[in-house]
Amino acid sequence: MEKESEMNTAPDAGKARPLAGDKRKLIVILSLLLSVGFAVIALVNYHVSKAAIRESIVANELPLTSDNIYSELQKDLIRPVFISSMMASDTFLRDWVISGEKDVGRMTKYLHEVMERYHTFTGFFVSDRTSAYYHADGVLKTVSRDEPRDKWYYRVRGMDTPYEINVDPDLANKDALTIFINYRVLDYQGKFIGAAGVGLTVDAVNILLNKYQQRYARTIYFVDPQGKVVMTGSSSGLQGKDIRSLPGIGALAGRMLQKEGGSFQYEAEGSSHLLNVRYIPELNWYLFAEKNEDAMLAGIRHTLYTNLALAFIVTLIVLLLTSLTISRYQGRLEVMATTDKLTGLANRQAFEILIGQMLPEAERSKKPVAALLMDIDHFKQCNDRYGHLVGDKVIQHVATIIRSTLRQSDIVCRWGGEEFLMVIKDCSREQGLQIAGKICDAVRNAPLQLDGETLNITISAGVASGFEEERLLVEADAALYAAKESGRDQVKAA
Ligand SMILES: Nc1nc2c(ncn2[C@@H]2O[C@H](COP(=O)(O)OP(=O)(O)OP(=O)(O)O)[C@@H](O)[C@H]2O)c(=O)[nH]1
């Protein structure tokens, strides 16, 4: 039976195509839904994470960096300001100047003491009366208005504020770049008598900036009120540049160089930068802590790619499972739609498909097919006498005999209630008559045993041979009618 149903429900290209088309459509829609769904989820996730990270950087990380740097600076820079302030108001220094700068050794000893005690890089005093530049080892030189290196002194001389912080090479220390705290020294009447202060190497601040840059992957630099980058960590390439002329940041420079500071965002060289600006009043500089968004998003971008790859794999698995399930159910549906449930033979629908394949082949090979139409004799009586269930058993019994008599390549179809239609390849009218006779004999010789009762069954058959479906059916039907008319249990040919 299994074999028979396979043969009779052979897949037909013409009928299967719409189902295959539906399946393809479903797979396309499903893959679109899944990929769009997954992509939307992954992208929304990415953007939400990006916004959260940006928020955290702008609201917490960058201000925190500024706070930390500021407190480190207070240690490294503000302390020298206090030392310089103390020197400017020191009675010894002022008295020594007022009393005529006698005994240079006392001044150098004083400066030496300051350096030793406070571990400063250098200590100095420049007298306004004599223009002498004192430092720990003696008189370094005499400052002059014409000397560009001494410009700072004349600037400090005319300043309104008590001190300035200046970054310059230090002549006394092989021109090492030094941060000087230049404090104005006044006599007891408030008259300017010179400038005193200490210097510290910028290395310490640079190390601090580098440490922050490397540890937190951000760029840190100081900008003066005119917009000039006065100090940076190494490799920033910004030293001495004017931020107003830099791409992206330049347009915002006016807003950035405000004492209230703030958070900013700008685009430069194809990437987005987040920036925190803080004014450091003690230095009169702005501290810029900046982070490149690309670097900060590298992590979540990696997560995005992983999510998309996983989504792709899940989509593939879902599509594969869906395709397999559809194919399985499609196969089952096709079998159900083309098989007669009672006998497992092909039904009329399957017959149309199979004959549609067989006849053109017969035409090509010029070998006719034979149509054998068979009908169980007096089946109504059998039904009436034994009931429909027994009638069904009789139909199954006859179907089994027919199927076992014919080749697998022949079409056997349940044509109607108790009617069977067979189409046999490469078969003449005579051969058809022979085969039909063989089946009639087989049915007659195989009575059905039922609960101790023996049911003798006979069938009548009509045979036709040719190449054309409609003609074959009409002729076979007429021949069957003739067989019935002639007393049944016999075969007639058209
Ligand atoms: N048990 C059963 N009966 C069926 C089935 N399909 C059709 N029938 C019955 O088969 C009977 C066919 O009767 P008729 O067409 O008069 O033919 P018949 O009694 O076989 O007489 P002849 O063909 O002239 O020998 C009808 O009573 C149908 O109801 C089926 O699947 N099972």
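This report describes the surroundings of the ligand, the aromatic pairs and a few single residues of the structure above.

The structure is a predicted model, in which local features need pLDDT of at least 70 and side-chain atom pairs count only at pLDDT 80 or more, while totals for chains, interfaces and linings use all residues. Residues are numbered from 1 along each chain as its sequence is written, and side-chain values use heavy atoms, with hydrogens and water left out.

## The ligand and its shell

There are 16 residues around the ligand, and those that come nearest are Phe-379, Lys-380, Asn-383, Asp-392 and Arg-414; a residue counts as near if one of its heavy atoms lies within 4 Å of the molecule. Sorted by class, this shell holds 8 charged, 5 polar and 3 nonpolar residues, where Asp, Glu, Lys and Arg count as charged, Ala, Val, Leu, Ile, Met, Phe, Trp, Tyr, Cys and Pro as nonpolar, and the others, Gly among them, as polar.

| Side chain | Ligand atom | Distance |
|---|---|---|
| Asp-392 | nitrogen | 2.7 Å |
| Arg-414 | oxygen | 2.6 Å |
| Arg-488 | oxygen | 2.9 Å |

Taken alone, the ligand exposes 670 Å², of which the protein buries 66%; these accessible areas come from the Shrake-Rupley method with a 1.4 Å probe, and for residues only the protein chains shown count as cover. Two or more residues of the shell come from each of strand 12 (369-376), helix 10 (379-386) and helix 11 (388-405), and helix 11 gives the most, with 4 residues. Helices (H or I, at least four residues) and strands (E, at least two) are DSSP runs, numbered from the N terminus.

## Aromatic rings

Rings of Phe, Tyr and Trp (its six-membered ring) pair if their centres lie within 6.5 Å, and planes under 30 degrees apart count as stacked, over 60 as edge-to-face and the rest as tilted. By this rule the model has 15 aromatic pairs. One of them joins Phe-92 and Tyr-110 in a tilted arrangement, with 5.2 Å from centre to centre and 45 degrees between the planes. Because Phe-92 belongs to helix 3 (residues 91-98) and Tyr-110 to helix 4 (residues 104-118), this pair ties together parts that are 18 residues apart in sequence. Phe-92 is partly exposed, at a relative accessible area of 21%, whereas Tyr-110 is buried at 12%; buried means under 20% relative accessible area, exposed over 50%, and partly exposed in between (1.4 Å probe, protein chains only).

The pair of Phe-124 and Trp-152 is edge-to-face, because its ring centres are 5.7 Å apart and its planes stand at 80 degrees. Phe-124 lies in strand 1 (residues 122-127) and Trp-152 in helix 5 (residues 151-157), so parts that are 28 residues apart in sequence are tied together by this pair. Both Phe-124 and Trp-152 are buried, and they belong to one aromatic cluster together with Tyr-133, Tyr-153, Tyr-154, Phe-180 and Phe-192.

A ring may also have a charge over it, which requires NZ of Lys or CZ of Arg within 6 Å of the ring centre and within 35 degrees of the ring normal. Over the ring of Tyr-329 sits the charged end of Arg-328, 6.0 Å from the ring centre, and Arg-332 lies over the face of Tyr-329 as well, at 5.3 Å from the centre.

## Single residues

Lys-484, in helix 13 (residues 469-485), is buried, with a relative accessible area of 16%, and its side chain makes a polar contact of 2.9 Å with the side chain of Asp-377. Thr-322 has its place in helix 8 (residues 293-338) and is buried, with a relative accessible area of 19%; its C-alpha atom is separated by 9.3 Å from that of Leu-26, although these residues are 296 residues apart along the chain.

Most residues other than glycine have a negative phi. His-119, in the loop between helix 4 and strand 1, has a positive phi near 50 degrees and is exposed, with a relative accessible area of 68%. Lys-366 also has a positive phi, of about 60 degrees; Lys-366 lies in the loop between helix 9 (348-365) and strand 12 and is exposed at 65%.

Notes
Polar contact = N/O pair within 3.5 Å; in protein donor to acceptor, adjacent residues only side chain to side chain.
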